[in-house]
Amino acid sequence: MNFLIHRSELADLFDKVAAGVRLDEADALRLFATRDVNALGVLASLVAQRKNGNRASYIVNRYINYSNYCILSCQFCAFARKKRDADGFELTIEQIVEKAREARRLGITELHIVGGLHPSLPFRHYTDMLRALKALDAQLQLKCFTAIEILHLAWLAKKSVVETLTELQAAGLDSLTGGGAEIFQPEVRQAIARGKESAAEYLDVHRTWHRLGGRSTCTMLFGHVESVADRVDHLRQLRALQDETHGFTGFIPLPYQPENNRIAVPHPPTGFDSLRTIAVSRIYLDNFDHITAYWVGLGLKLAQVALSYGADDLHGTIIEEHIFHMAGATAPQAQTEAAMIKAIREAGKVPVQRNTFYEPVKVWDQSAATNADAAPAGPATRTLEANLATA
Ligand code: SF4
């Protein structure tokens, strides 16, 4: 047993994890309660190593927000606008395709497309958008829409959720995004996202999508007004659905961003809180293959450290992020592939470019490159750096 753990209050939990025994919610609360973040890192790394060996991944992708008009006004949200607002926007399908065309030149494998709950765009607009993007490039993986958007589209189209998802899938939807989960606990959900669909509705969209053969990610927004027990309850519900469907590809904990919204949070998530949340997620979600350290919210430096606290993925190049930045995120709008490879290498891991489904596209082992600073000279890296100013 690692000496850190042997001397730690977590020694008995280390024995359970080492023996492959599932932790319960009381165990997860104990993990959250410890101040011994290094022991937590050892425990989380044991699980991460078992799941993914010494690899850590990233994706070359682009975000597109098709509109920030939204019929809801979630209190935590700095992104949504009403039609009367001067800084509201709505992209045409042609504009979206043009952004995709530009990004293809950067070597992306995925488009990640979400927006607000638009008041009036017809359902046909969304299927046309997917078809137009697949017509541009059938290999481009389309990871689109939160479960909340799916419920909105079903309501707009007067279709059931299964009909809605089936039609979107036929039009080219490859994966759902994980957004909209926030925190499942009803009172907290009401306090930060009044009017938003319930946890049961969020989970049922993912359940339905998984039953159609689809895969998706899931998230948790932490560090606002929720308790640690609320986080554990959130993880419990995700783990239960994963037991049922095995359809989640990964889990992405999202640290709350405190600016430009209506929730007063004097102490948004610290580095310590972010690391322990990632670590507990890795340890408790024993049926998830991947845990992402989301650099947009954490900053790349802390995301890199999180690779030693259970995370095995840094997310993507992104290129143009709005939602977190409008809420005060200070990370850059994009990461180069080179920066992510360097961060992963420095953390002692083997960088792996992945696709939407976390399947390897390229393994940057020593035979692929020998100089972490200079090596990742693939077309995506060169052109991304050259084109960031215009993206
Ligand atoms: S979080 Fe989503 S649903 Fe809520 S107001 Fe913002 S864009 Fe709308």
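Modeller: Let us take F248, a residue of strand β7, which covers residues 248-255. The model is predicted, with a mean pLDDT of 92 for the protein and 93% of its residues at 70 or more.

Is F248 buried or exposed? F248 counts as buried because 23 C-beta neighbours lie inside 10 Å, where 20 or more are required. Apart from neighbours within four places in sequence, its contacts are S216, T217, C218, Q242 and F288. L300, by comparison, stands 52 residues from F248 in sequence, and the C-alpha atoms of F248 and L300 are 24 Å apart in space.

Buried residues are also found in helix α4, among them A39, L40, G41 and V42. This helix comprises 16 residues, 37-52. From first C-alpha to last, α4 reaches 21 Å, close to the 22 Å expected at 1.5 Å a residue. After α4 comes G53, which has a positive phi near 60°.

Among the residues around the ligand are C70, L72, F79, I148 and K196. Sorted by class, the shell holds nine nonpolar residues, two polar ones and one charged one.

One stretch calls for a separate remark on confidence. Over residues 370-391 pLDDT stays under 50, and the model has 38 contacts beyond four places in sequence for these residues.

Notes
Residues numbered from 1 in each chain as written. Predicted model: local features only at pLDDT ≥ 70, side-chain atom pairs only at ≥ 80, totals over all residues. Near = placed C-beta within 6 Å. Nonpolar A, V, L, I, M, F, W, Y, C, P; charged D, E, K, R; others polar. Helix = DSSP H or I, 4+ residues; strand = E, 2+ residues; numbered from the N terminus. Expected span 1.5 Å × (residues − 1). Buried ≥ 20, exposed ≤ 12 C-beta atoms within 10 Å, placed from the backbone. Contact = placed C-beta atoms within 7 Å. pLDDT = per-residue confidence, 0-100.
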